[in-house]
Amino acid sequence: MPVTQQDIYNKEGELVRIEVYKDDGDFLMQFLWDPQDEQTSDNRVEFRKWVNRHLKQTGHEVHE
């Protein structure tokens, strides 16, 4: 099933979560950022890779 991801940030510009939607626009799931993790560019890249890996392993086609 193809899915689309949307990054959600707080007012300070920190990543809060990644929301995942089906192609028809229906909400599927969300991945929450661990507030204990430092908000660095490298950590965000690794988080996105982890989300993509999880989605692919569970049979979703990721639009990157």
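Helices here are DSSP runs of H or I with at least four residues, strands are E runs of at least two, and both are numbered from the N terminus.

Before you go on: this is a predicted model, where local features need pLDDT of at least 70 and side-chain atom pairs pLDDT 80 or more, while totals for chains, interfaces and linings use all residues. Numbering runs from 1 along each chain as its sequence is written, and side-chain values use heavy atoms, with hydrogens and water left out.

Now color the sheet. It's open, with 4 strands in the order β3-β2-β1-β4 and mixed pairing (two strands pair if DSSP finds at least two bridges between them). β3 (27–32) and β4 (61–62) sit at the edges with a single partner strand each, so one side of each has no neighbour in the sheet. Next, show α1, which packs on the sheet and touches β1, β2, β3 and β4 (contact: heavy atoms within 4.5 Å).

Zoom in on β1 (residues 2–9), which runs antiparallel to β2 over 7 bridges. Pick Q6 there, and you'll find E19 as its bridge partner in β2.

Last stop: N52, in helix α1. N52 counts as buried because its relative accessibility is 13% (buried is under 20% relative accessible area, exposed over 50%, partly exposed in between, with a 1.4 Å probe and protein chains only).

Key. Axes are lines fitted to C-alpha atoms, for helices over the stretch in contact, and angles run from 0 to 180 degrees between N-to-C directions.
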